[in-house]
Amino acid sequence: MPRNQFQRMVFAFITVVITVHAFVFYSVYVVNGDALRTIAGTTSVLSAVREIGGIYMFGRVMPVWSVVLVEFCFAYTMECIYGSPLSFKLACMNFDPKTTHPVLFETAIICATVGLMVPAMSLIATFLYYPYNNGFRVHTALVQWLRLVCFNFPFAFFSQLFFIQPFVRTVFKKIFRH
């Protein structure tokens with residue numbers, strides 16, 4: 001897999017591009033779909049997003065592309081600075097990369113990354129999507145953060161383990177054939 005800093009950055013970029021789009025879709029349709037339909041008075045989530053004019057972020061409604069861009073910036077930064085280096089260290093604490101089967105070691109890295117990134121990105125999302133027009137309350141933010149972690153963890157774990165990472169690894173191998 002990635003052997004130098006440039007390759008790690010490319011690998012993280014591909015992963016984050018796919019993951020952010022998946023999470024924005026998941027967040028809009030699954031986590032907030034009913035609320036969006038209720039607010040807009042429509043029967044479909046897509047109609048609700050069109051009716052509202054975008055997605056609520058930073059205390060105002062923003063276009064979907066800007067939501068994806070903001071989340072991408074946060075996720076890519078977190079993945080490069082925090083997620084990848086620490087997940088590799090956590091995996092190395094439990095498995096020796098030289099003697100462990102590569103599939104098992106990669107699975108350990110994926111699990112560690114999900115375990116680190118879900119709480120961190122859910123905390124960021126809590127503040128990005130917090131309903132500031134009602135005033136800020138710490139206990140409300142804490143409850144929303146825990147709610148997001150509970151929603152996001154199973155989705156992140158299974159999508160990363162079974163879909164996103166195998167696809168990213170395939171794409172990465174095609175880009176950096178040796």
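## Helix packing, question by question

Reader: Which helices do the buried residues of helix 3 pack against?
Author: Buried means under 20% relative accessible area, exposed over 50% and partly exposed in between, with a 1.4 Å probe and protein chains only. Contact means heavy atoms within 4.5 Å. The buried residues of helix 3 pack against helix 1, helix 2 (33-40) and helix 4 (64-94).

Reader: Which pLDDT do local features need in this predicted model?
Author: Residues are numbered from 1 along each chain as its sequence is written, and side-chain values use heavy atoms, leaving out hydrogens and water. The model is predicted: totals for chains, interfaces and linings use all residues, side-chain atom pairs count only at pLDDT 80 or more, and local features need pLDDT of at least 70.

Reader: In what order do the elements run from the N terminus?
Author: Helices (H or I, at least four residues) and strands (E, at least two) are DSSP runs, numbered from the N terminus. The protein has six helices and two strands. Their order is α-α-α-β-β-α-α-α.

Reader: What share of the contacts with a separation of 6 or more joins residues 24 or more positions apart?
Author: The C-alpha atoms fill a box of roughly 55 × 35 × 25 Å along the principal axes. Of the 178 residues, 39% count as buried. Among contacts with a separation of 6 or more, the share from residues 24 or more positions apart is 63%.

Reader: Why do the buried residues of helix 3 lie on the same side?
Author: Helix 3 spans residues 45-52, and its buried residues are V45, A48 and V49. The arc is that of the directions from the helix axis to the C-beta atoms. These residues lie on the same side of helix 3 because they cover an arc of only 100°.

Reader: What is the phi of the residue that follows helix 3?
Author: On the other side of helix 3, R50 and E51 are exposed. G53 follows the helix. Its phi is positive, near 100°.

Reader: Within what arc do the buried residues of helix 2 fall?
Author: G33, L36 and A40 are buried in helix 2. They line one face of the helix, so their arc, seen down the axis, is 65°.

Reader: Which helices do the buried residues of helix 2 pack against?
Author: D34, T38 and I39 are exposed on the other side of helix 2. G41 follows helix 2, with a positive phi near 70°. The buried residues of helix 2 pack against helix 1 and helix 3.

Reader: Are helix 2 and helix 3 parallel, antiparallel, perpendicular or oblique to each other?
Author: Axes are lines fitted to C-alpha atoms, for helices over the stretch in contact, and angles run from 0 to 180 degrees between N-to-C directions. The axes of helix 2 and helix 3 are 8 Å apart, at an angle of about 55°. Angles under 35 degrees count as roughly parallel, over 145 as roughly antiparallel, 65 to 115 as roughly perpendicular and the rest as oblique. Helix 2 and helix 3 are therefore oblique.

Reader: How many residues of the contact between helix 1 and helix 4 are nonpolar?
Author: Helix 1 passes helix 4 in a right-handed crossing. Helix 1 contributes M9, A12, F13, V16, V17, V20, H21 and V24, and helix 4 contributes V67, V68, E71, F72, A75, Y76, E79 and C80. Ala, Val, Leu, Ile, Met, Phe, Trp, Tyr, Cys and Pro count as nonpolar, Asp, Glu, Lys and Arg as charged, and the others, Gly among them, as polar. One residue of the contact is polar, two are charged, and the nonpolar count is 13.

Reader: How many nonpolar residues does the contact of helix 1 with helix 6 have?
Author: Helix 1 (residues 5-31) and helix 6 (residues 138-175) pack at an angle of about 140°, with axes 9 Å apart. Their crossing is right-handed. The contact has six polar and two charged residues, and its nonpolar count is 16.

Reader: Is V143 buried or exposed?
Author: V143 is found in helix 6. Its relative accessibility is 53%, so V143 counts as exposed.

How values were computed:
A crossing is left-handed if the near helix is turned anticlockwise from the far one by less than a right angle, and right-handed if clockwise.
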